[in-house]
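Trainee: Hi, could you walk me through this one? I'd like to go over the fold, the core, the pocket and a few single residues.
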Amino acid sequence: MTLRYDIAGTPIGLVTAVLSDDGLLALHVSDDSDRWVLEMLAREHGVVPDRTPGAGDALFAQLDQYFDGERRAFDVAIDWSLTHGFARDALRAACDIPYGETASYGEVAVMAGRPRAARAVGTACRTTPFSLVVPVHRVVRADGTLGEYGSHPETKRFLVELERGAARPPAFSIPPAPERSRS
């Protein structure tokens, strides 16, 4: 398997996109480093992806459109090989939550075919390898409160408000975006 990665800045932090021959394998948002996603892939696949500037340009263009309010869904091939069993089902169900709307963990469990698996949905959302592209930020608590998003509830609030048309700049520091080629 050939793995390559690329990095770009977004309004919510640094995005590391890892691509396989089959599509997007992982997308991770961080505030300072791509090290976590690369270490996880080294453990899962026994390889470290090659840094390939430009490999993520099509995805990064879609992310730019999303943050500009011009895109409601991502049109990228996804390599689901890092997900398994019910977690994969839950993440696929999260993809069915319409832009600008939310669904509870319990509702997603029903959508995924296991109505009593709300906690398992939470675990799938927390451990997703596909931040943003698979919209786990749209999955909320039963009482409608947003909950966490990779220990960054302010990011989840920003994404939900962005989709509802009320986004404002995040109230945390974002590192400067690395340069990327735009061919």
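Mentor: Happy to. One term before we start: contact means heavy atoms within 4.5 Å. By that rule, and leaving aside neighbours within four places in sequence, Cys 95 is in contact with Val 134 and Pro 135. Keep in mind that this is a predicted model, where local features need pLDDT of at least 70, side-chain atom pairs count only at pLDDT 80 or more, and totals for chains, interfaces and linings use all residues. Residues are numbered from 1 along each chain as its sequence is written, and side-chain values use heavy atoms, with hydrogens and water left out.

Trainee: Okay, and where is Cys 95 found?

Mentor: Cys 95 sits in the loop between α3 and β5 (103-104). Helices (H or I, at least four residues) and strands (E, at least two) are DSSP runs, numbered from the N terminus.

Trainee: Let's zoom out. How many helices and strands does the chain have?

Mentor: There are six helices and six strands. Going from the N terminus, the order is β-β-β-α-β-α-α-β-α-α-β-α.

Trainee: And what share of the residues is buried?

Mentor: Of the 183 residues in the chain, 46% are buried. Among contacts with a separation of 6 or more, 57% are between residues 24 or more positions apart. The chain exposes about 9400 Å², and carbon and sulfur atoms supply 47% of that; those areas come from the Shrake-Rupley method with a 1.4 Å probe, and for residues only the protein chains shown count as cover.

Trainee: Which residues touch the most other members of the largest nonpolar core?

Mentor: Leu 27, Leu 63, Phe 67, Val 121 and Leu 132 do, in a core of 41 residues. Two or more residues each come from β2 (13-20), β3 (23-30), α2, α3 (85-94), α4, α5 (118-126) and α6. A nonpolar core here is a set of buried Ala, Val, Leu, Ile, Met, Phe, Trp, Tyr and Cys residues joined through side-chain atoms within 4.5 Å.

Trainee: What is Phe 67 in contact with, leaving aside its neighbours within four places in sequence?

Mentor: Its partners are Thr 10, Pro 11, Ile 12, Leu 132, Phe 158, Leu 159 and Leu 162. There is also a second, separate core of twelve residues, including Leu 3, Leu 14, Met 40 and Leu 41.

Trainee: How covered is helix α6?

Mentor: Mostly covered: α6 (residues 153-163) has eight buried residues out of eleven. Just after α6, Gly 165 has a positive phi of about 85°.

Trainee: What about Val 140, what is its relative accessible area?

Mentor: Val 140 has 4%, so it is buried. This residue lies in strand β6, and its contacts beyond four places in sequence include Tyr 105 and Lys 156.

Trainee: New topic: what volume does the largest pocket have?

Mentor: About 680 Å³. Of its 23 lining residues, Cys 125, Arg 126, Ser 131, Tyr 149 and Gly 150 are the closest to the centre. The elements giving two or more residues to that lining are β3, α5 and α6.

Trainee: How is a pocket defined here?

Mentor: On a 1 Å grid over the protein atoms alone, a pocket is an open set of points where a 1.4 Å probe fits, with protein on both sides within 12 Å along at least five of seven lines; lining residues have an atom within 4 Å of a point. Grid points are joined across faces, edges and corners, and the volume is the space filled by probe spheres set on the points.

Trainee: Which classes make up the lining of the largest pocket?

Mentor: Eight nonpolar, ten polar and five charged residues. Ala, Val, Leu, Ile, Met, Phe, Trp, Tyr, Cys and Pro count as nonpolar, Asp, Glu, Lys and Arg as charged, and the others, Gly among them, as polar.

How values were computed. Buried < 20%, exposed > 50% of the residue type's maximum accessible area, 1.4 Å probe, protein only.
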